[in-house]
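The sequence and structure come first, then the points by topic.

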Amino acid sequence: MSSVVSTSRGILPSAGFGSYGSPTTGDSDPYGQPESEFNDNDEAELFSVSWNQDYSCFAAGTNRGFRIYNCDPFKETFRRDLKNGGFGIVEMLFRCNILALVGSKANTQYPPNKVIIWDDHQSRCIGEFSFRSDVHAVKLRRDRVVVILEHKIFVYNFVDLKLLHQIETLGNPRGLCCLSQCLNTSVLVCPGLRRGQVRVEHFGLNMTKLITAHDSQLSCLTLTMDGLLLATASTKGTLIRIFNTMDGTRLQEVRRGADRADIYSIALSPNVQWLAVSSDKGTVHIFGLKVRVVGEDPATDPGTTKSPTLFYQNSSSSLDALISPGNGANPGSSLSFMKGVLPKYFSSEWSFAQFHLPESTRFIAAFGSQNTVIIVGMDGSFYRCSFDPVNGGEMVQQEYFRFLKTESRPR
């Protein structure tokens with residue numbers, strides 16, 4: 001699978017100027033076309049929602065363009081409404097003006113097999129990738145652009161868009177791929193070439209690690225900011241597993257439920273104390289993690305993107321430094337004293353806190369500040385809820401907004 005790359009000036013500008021911190025307006029919209037006369041009361045078809053790298057914003061791709069929303073406080077900060085069709089994928093780079101855009105099938109100018117690197121400060125395309133098949137996802141970090149096709153992943157240098165790596169994967173229609181975001185670590189995780197296998201690329205260490213995470217196909221995965229901790233789920237959707245990416249050791253396993261489910265999202269809190277899972281069962285589950293970390297919670301310093309350091313050992317036989325017996329209070333089965341005899345179902349850790357949502361809608365969840373969870377739905381809804389870090393139980397809804405009126409049924 002080959003790709004074609006073009007840039008308007010040969011070299012991309014540094015992705016560090018401009019931001020989506022406040023509402024802005026422009027005299028022209030992307031690609032030099034006049035802005036359409038849409039207003040807030042118009043309905044739109046929502047194609048995608050995605051968090052930025054630190055979950056402070058999310059982007060919504062619609063049949064009319066894209067919109068950027070700030071999470072705390074919640075508000076729309078920017079939008080581009082187009083006449084030539086919308087975008088199926090909108091990927092932000094933290095809060096800066098650089099975006100990766102992939103057109104929808106109805107986009108007359110940019111079809112779904114092209115990735116546009118868009119500089120909204122200059123209102124122009126500064127790079128373009130073309131492929132022979134549809135793009136399933138795009139991931140960004142300050143020095144890399146990663147494009148995910150169904151059977152291959154391309155890793156490019158952000159400065160000059162030169163191809164650095166090509167990775168073969170098992171069929172990956174969900175576009176599963178995650179990147180670390182700390183400058184001192186460069187980690188990529190994606191499906192391997194076998195069912196249930198995760199491939200971990202430590203680019204800085206020139207090391208590849210293969211982890212057999214599940215028996216079934218992968219359905220969701222996520223990394224900590226430093227890339228040292230990985231959480232995965234399979235298409236069965238009952239268990240979420242947490243691994244050390246350095247040696248592949250499984251550190252913890254939690255149970256979402258007993259019935260098969262489609263996992264929509266997995267999120268790790270910045271202090272690596274909590275894990276959130278959303279699924280088609282209409283419930284967001286919160287689990288306590290037992291991974292021992294050091295360092296301050298980045299949530300106390302909005303300007304930092306560093307995550308706590310995970311203690312890890314290269315020897316999988318020594319796990320005491322990784323497991324913290326006092327952290328996390330997930331309820332287990334009352335039969336756990338027989339866990340050496342009974343199936344895993346009875347000894348699994350169940351969720352610590354829960355929040356219930358409509359089952360007919362796809363929701364993605366992330367952690368906010370001060371024991372809050374933020375949730376965005378494909379029906380155009382935004383929730384903020386809080387959980388009790390001591391007692392758990394049902395979460396309390398703090399805010400609800402309808403940020404977009406959708407003209408299609410909730411997905």
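C125 counts as buried because its relative accessibility is 18%, where buried means under 20% relative accessible area, exposed over 50% and partly exposed in between (1.4 Å probe, protein chains only). The model is predicted, so local features need pLDDT of at least 70 and side-chain atom pairs count only at pLDDT 80 or more, while totals for chains, interfaces and linings use all residues. Residues are numbered from 1 along each chain as its sequence is written, and side-chain values use heavy atoms, with hydrogens and water left out.

Cysteines
- C177 is buried, at 3% relative accessibility.
- The closest cysteine sulfur to that of C177 belongs to C190, 5.7 Å away, which is too far for a bond.
- Zero disulfides are found in a search of the whole structure (a disulfide is a pair of cysteine sulfur atoms within 2.5 Å).

G175
- G175 sits in the loop between β13 (163-168) and β14 (178-179), strands being DSSP runs of E of at least two residues, numbered from the N terminus.
- With 6% relative accessibility, G175 is buried.
- Leaving aside residues up to four places away in sequence, G175 touches H136, A137 and I148 (contact means heavy atoms within 4.5 Å).
- The C-alpha atoms of G175 and A137 are 5.0 Å apart, although 38 residues separate the two in sequence.

Key:
Helix = DSSP H or I, 4+ residues; strand = E, 2+ residues; numbered from the N terminus.
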